Amino acid sequence: MQVMIKDQECGYLIKNGRFQKLLLAGKYTYFKRLGYEVLVVPMKGQVKTQDIPMEVLLKCPEFASRVVKAELPDTSIALRFVNGAYREVLTAAETYFWNVFEKNEFQIVDITKKYMEESLPRMYLDLMPAKYYKKITIKDGETGLLYFDNRLQKHLETGTYYFWNYGAEVTCKIFNMKQQQLEINGQEILTSDKVGVRLNMICTYRITDPEKLVQKIDGVASQLYTCAQLVIREYVGRFRLDELLAQKEEIGHYILEKMKEHQEELCVEVITGGIKDIILPGEIREIMNTVLIAEKRAQANVIMRREEVASTRSLLNTAKLMDENKTLFKLKELEYLEKICDKVGNISINGGKGVLEQLAELTGVPRTDG
């Protein structure tokens, strides 16, 4: 049996199932019938033992001088660097690497500290295995409550945070501190005159005390919704339909003020609120549409009569002026003749009569001499 081992390789010489020595680059000849076997492995990266116990291999000086051991306690992980460049994260308790063609270095990282920045440079944070850390991102307008084993630690402002998951459970409750909108839709109310209507209300609010809120309130939006719902049912039912439609703004303002009375116990600030829509039953809508059409027709009739009176009065005033002033009458006559002439293609004039007399005869307008 001939074996060729390259420069970047080595061989484990086995005789009758037992490791004998390490073979380096070169050409070797052994007889299988005598129980010899050569296992060739690359001499780079992590050591491959080919099922030979590491304790046996380390007894060989040639092998032991060419490997390096990364040994980690339970409370640590390690960063492996090859020739000064980052290569990987090590989490196993013991790992062996060839240290012949590559220079292996290890940086031990303590993961018992909760804040990753305290034990690891920022550039390596995202390179860690996900199961070993927790990443928390707080966006603009948000705040976070940080918990270790469900015990409140601190408030987190806008930013990205990294925490080791070793030894304690890390959780965070994030709250949106920006102004938020809540719609209270489809509230069916019976008015005092027994008309069923549906109200749509809208309000805006923002959270003021997240720490107190998380201790007292489960679902602030639903609690605020219920509060508004009760206020609407209690107050709006006192009004007749006509009053409800006429005082929509005033009723919305009252509901807003009543909701503000409960904002402290809900840990929010109610900013704006009001009635968005009032939806009437079909029969009521038809009746109101009929009334509206009748009102608009009556208004139109009044306007038409007013315009007719104004037009008649204007004609009367014009007639009086022309009756009192013959020159004005002549000017008016000339004005009408000018309008007629604008639409006439050719005009033939015969002798014996004036131009105005002939035009008057053509148009059928009697002429009155002054």
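Buried means under 20% relative accessible area, exposed means over 50%, and partly exposed is in between (1.4 Å probe, protein chains only). This is a predicted model, in which local features need pLDDT of at least 70, side-chain atom pairs count only at pLDDT 80 or more, and totals for chains, interfaces and linings use all residues. Residues are numbered from 1 along each chain as its sequence is written, and side-chain values use heavy atoms, with hydrogens and water left out.

Q: Is Thr-95 buried or exposed?
A: The relative accessible area of Thr-95 is 7%. Buried means under 20%. Thr-95 is therefore buried.

Q: Which strand holds Thr-95, and which residues does Thr-95 touch?
A: Helices (H or I, at least four residues) and strands (E, at least two) are DSSP runs, numbered from the N terminus. By that scheme, Thr-95 belongs to strand E9, residues 94-98. With contact meaning heavy atoms within 4.5 Å, and residues up to four places away in sequence not counted, Thr-95 touches Gln-46, Val-68, Lys-69 and Ala-70.

Q: What percentage of the contacts in the protein with a separation of 6 or more comes from residues 24 or more positions apart?
A: The secondary structure comes to nine helices and 18 strands. Of the 370 residues, 31% count as buried. For contacts with a separation of 6 or more, the share from residues 24 or more positions apart is 61%.

Q: How many aromatic pairs does the structure hold?
A: Rings of Phe, Tyr and Trp (its six-membered ring) pair if their centres lie within 6.5 Å; planes under 30 degrees apart count as stacked, over 60 as edge-to-face and the rest as tilted. On that basis, the number of aromatic pairs is 14.

Q: What kind of aromatic pair do Tyr-12 and Phe-19 form?
A: Tyr-12 is buried because its relative accessibility is 0%, and Phe-19 is buried at 15%. Their ring centres are 6.1 Å apart, with 80° between the planes, and the pair is edge-to-face.

Q: Why is the pair of Tyr-115 and Phe-148 edge-to-face, and how many residues apart are they?
A: The ring centres are 6.2 Å apart and the planes meet at 65°, so the pair is edge-to-face. Tyr-115 lies in the loop between strand E10 (104-110) and strand E11 (133-138), while Phe-148 lies in strand E12 (residues 142-148). The pair links distant parts of the chain, and the separation is 33 residues.

Q: Are Tyr-115 and Phe-148 buried or partly exposed?
A: Phe-148 has a relative accessibility of 10%, so Phe-148 counts as buried. For Tyr-115 the value is 24%, so Tyr-115 counts as partly exposed.

Q: Which residues do ring pairs link into a cluster?
A: Tyr-12 and Phe-19, the edge-to-face pair, belong to this cluster. The residues linked by ring pairs are Tyr-12, Phe-19, Phe-63 and Trp-98.
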